[in-house]
Amino acid sequence: MNFMDWYRADRLPTIFCVGCGNGTVINCALTAVSEVGWKREEVVFVSGIGCSSRAPGYIDADSLHTTHGRALAFATGIKLANPDLQLVVFTGDGDLAAIGGNHFIHACRRNVDMTVICMNNQIYGMTGGQGSPTTPRGALSTTTPYGAEEGTFDLTALSIAAGANFAARWTSYHVKELTNAIRAGLETPGFSFIEAAVQCPTGYGRRNRLREPEDMIEFFRTHSMLRQKYDRLLAEGKLVPPDTIVVGEFVRRDRPVLGGKK
Amino acid sequence: MSKISFIQGNIACAEGALAAGCRFFGGYPITPSTEIAEHMAMKLPKVKGTFIQMEDEIGSIAAVIGAAWTGVRAMTATSGPGLSLMMENIGYAVMTETPLVIVDIQRGGPSTGQPTMASQGDMFQCRFGSHGDYSIIALSPATVQEMYEMTAEAFNLADRFRVPVFLMADEIIGHMREKMTLPDTVPVMPVRERTERSTLPFKAEKDGVPGFTPFGKGHHVHVTGLTHDERGYPSTTNPDVHERLVTRLVAKVESTRREIASYDVTNPEAETVFVSYGAPTRAVWQALHDLKDDTVGHFRLKMVWPFPDWVEELFPQAQAYIVPEMNLGLISRELERHVTIPVISVPRLGGALHEPEELIRAVEGAK
Amino acid sequence: MKLVIDPRRCKGCNLCVKVCPYRIFRPGRRPNERGVVVPELDRPERCANCRLRRLYGRTICGVCQLTCPDQAIRWEEEEAYEPRKVAVEY
């Protein structure tokens with residue numbers, strides 16, 4: 001079965017802007033889900049609020065589009081009440097790291113059996129491009145008109161520190177690798193976290209000299225660095241550019257799982 | 001065989017929930033409701049249910065809503081500050097028509113207030129606390145027996161109307177130990193569940209309530225807090241869709257308020273009528289006993305919301321209503337909207353219950 | 001197999017132009033009735049999936065379809081392109 005069969009065809013095209021990377025990540029996630037062989041009746045897609053969180057509305061399966069930041073808490077309830085259901089959570093950087101930060105670390109700590117895909121576009125897209133906890137230092141947004149001054153969250157590192165069983169980061173340029181990472185996440189029991197850097201040409205790129213969608217994809221292509229190479233460079237004491245996106249699989253382990261199949 | 005027992009209100013509440021088939025509890029410790037969570041933590045695993053202590057009340061209600069969508073009976077218990085945190089997701093539960101039970105053991109507020117003292121300050125919060133127009137059902141127990149029975153009944157109401165149902169108890173009832181009868185079984189209404197997949201999962205039946213479509217049964221239902229049409233798809237800019245949806249969400253509860261109403265009427269020929277709910281009811285009972293005056297009646301609300309606005313039909317000769325409440329007058333204001341004769345509020349703050357003498361003085365003052 | 005761009009779904013982001021390793025897409029020239037400049041196909045017979053999907057029984061490459069954020073790219077069953085048209089470029 002092709003991933004296209006998972007879409008609600010009557011809902012397309014999506015509401016996403018021209019060149020938005022969210023659609024790409026949904027494609028990859030649905031490919032991974034169909035590769036794993038899950039049936040529609042056993043998967044529930046959950047999301048919070050934001051651009052990324054519109055994803056479940058386009059998927060022909062049970063889906064819960066919840067309140068801002070709370071997707072993981074809702075998903076925890078679903079999984080614990082019926083462990084036979086498979087949980088896939090779509091979330092964004094603002095949804096997960098800002099308003100939902102507490103639910104995020106606690107879901108990692110509990111190691112609830114679910115797969116969380118965070119579409120990190122480094123901005124609040126739905127509300128028109130405000131700074132988020134992952135907006136890089138110096139980047140312009142409507143609420144950081146003189147450049148972001150705050151530090152950022154490394155979401156993947158955060159999930160590992162909080163106890164997730166699987167963590168990986170890829171970008172919307174690396175569609176095959178992202179699909180494989182999501183598949184590995186789906187197959188790993190416990191909390192699996194996949195961070196997907198996605199382009200937001202409208203909210204982020206437009207203000208940060210990456211106006212066209214292909215500019216942002218080109219940025220992902222040239223600024224991504226495999227984790228192994230990054231670690232090696234660090235060990236050798238070499239300089240790594242600060243805007244490098246370190247990609248790859250970061251952790252895969254077997255901590256005790258909450259909400260596994262009974 | 002039913003058995004006589006001497007237990008705390010909070011424990012009776014938890015036992016009532018278990019008897020009604022509640023199999024999921026998501027909660028967060030908060031005085032004075034914690035005993036409910038503790039009892040559920042002990043008992044739920046023994047009946048293959050799930051207890052989870054979430055990271056906060058926002059997470060608790062979220063987990064409960066999630067669990068409810070898998071088709072289990074789910075509840076949470078909290079107090080005022082926790083209820084404030086839950087408000088956004090209560091609105092979500094209303095919008096998505098999720099059946100669940102919220103127990104609020106009220107304490108003195110605002111803010112942290114008096115954690116170990118009773119109050120009835122949340123009676124408007126439960127009804128109007130979340131944003132937008134909506135309607136919910138709220139029950140108010142005055143005895144430990146009612147903590148048990150009303151909790152069980154709350155699940156039936158929640159399933160029937162697909163709304164959050166509140167059990168608005170208070171610290172006095174929650175922490176009071178009293179003799180009660182534990183029945184063998186409680187009435188459990190079957191859930192109206194859709195058997196076949198429908199392309200219109202949110203299309204209401206005659207009574208305004210759509211059949212439930214839990215996850216994992218092949219319904220492929222999209223549940224969203226956005227304004228949605230009968231397919232469940234977001235439709236946020238069409239005024240007609242929003243009006244139709246919100247009107248139905250309110251009407252499905254309000255249009256049945258005469259049928260589901262629950263109250264006790266004592267002495268319908270009375271000229272002076274006490275109106276009470278929750279703990280102050282007990283002071284009224286004592287006052288009526290002490291007064292031995294057949295011109296004094298009692299209208300005791302078991303279901304506060306939806307409010308029975310036909311009070312005047314029940315007490316045609318009433319000259320005044322006296323409303324003792326453990327707040328500065330909330331339900332007395334609601335009553336004022338529906339009656340033409342004076343409503344005398346007898347407020348009480350601080351956590352101590354009204355003295356019967358105080359109520360007797362109020363009757364004398366009203367005459 | 002034949003590659004088709006659905007003009008009702010395409011929003012004209014040109015990401016397919018960017019990611020296709022065979023460069024079978026090129027930016028369109030004029031907007032369609034929805035005001036979207038849909039990319040054009042440039043010698044699509046070079047697409048590996050068009051040629052080999054039936055032979056291997058699975059999707060070959062498929063990067064454009066995975067990347068397309070608007071689910072506008074699909075393959076339709078059709079007679080294979082004429083073999084003589086296949087020009088492998090080195």
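## Strand pairing across the interface

Two strands pair if DSSP finds at least two bridges between them. Strands (E, at least two residues) and helices (H or I, at least four) are DSSP runs, numbered from the N terminus. In this predicted model, strand β2 (residues 62–65) of chain A is joined to β10(B) by three bridges, and the two run parallel. His65(A) has Thr224(B) as its bridge partner in β10(B).

## Extent of the contact

With contact meaning heavy atoms within 4.5 Å, chain A contributes 34 residues and chain B 38 residues. About 2800 Å² is buried between the two chains, and carbon and sulfur atoms give 58% of that area. Buried area is the accessible area (1.4 Å probe) that two parts lose on being put together, summed over both.

## Polar and charged links

The interface of chain B and chain A holds 21 residue pairs in polar contact, both residues at pLDDT 80 or more. A polar contact is a pair of N or O atoms within 3.5 Å; within protein, one must be able to donate a hydrogen and the other to accept it, and residues adjacent in sequence count only if both atoms are side-chain atoms.

Two salt bridges are counted between the chains, each a side-chain nitrogen of Lys or Arg within 4 Å of a carboxyl oxygen of Asp or Glu. Glu55(B) and Arg110(A) form a salt bridge through their side chains (2.8 Å, N to O).

## Basis of the values

Residues are numbered from 1 along each chain as its sequence is written, and chains are lettered from A in the order in which they are written. Local features need pLDDT of at least 70, side-chain atom pairs count only at pLDDT 80 or more, and totals for chains, interfaces and linings use all residues, while side-chain values use heavy atoms, without hydrogens and water.
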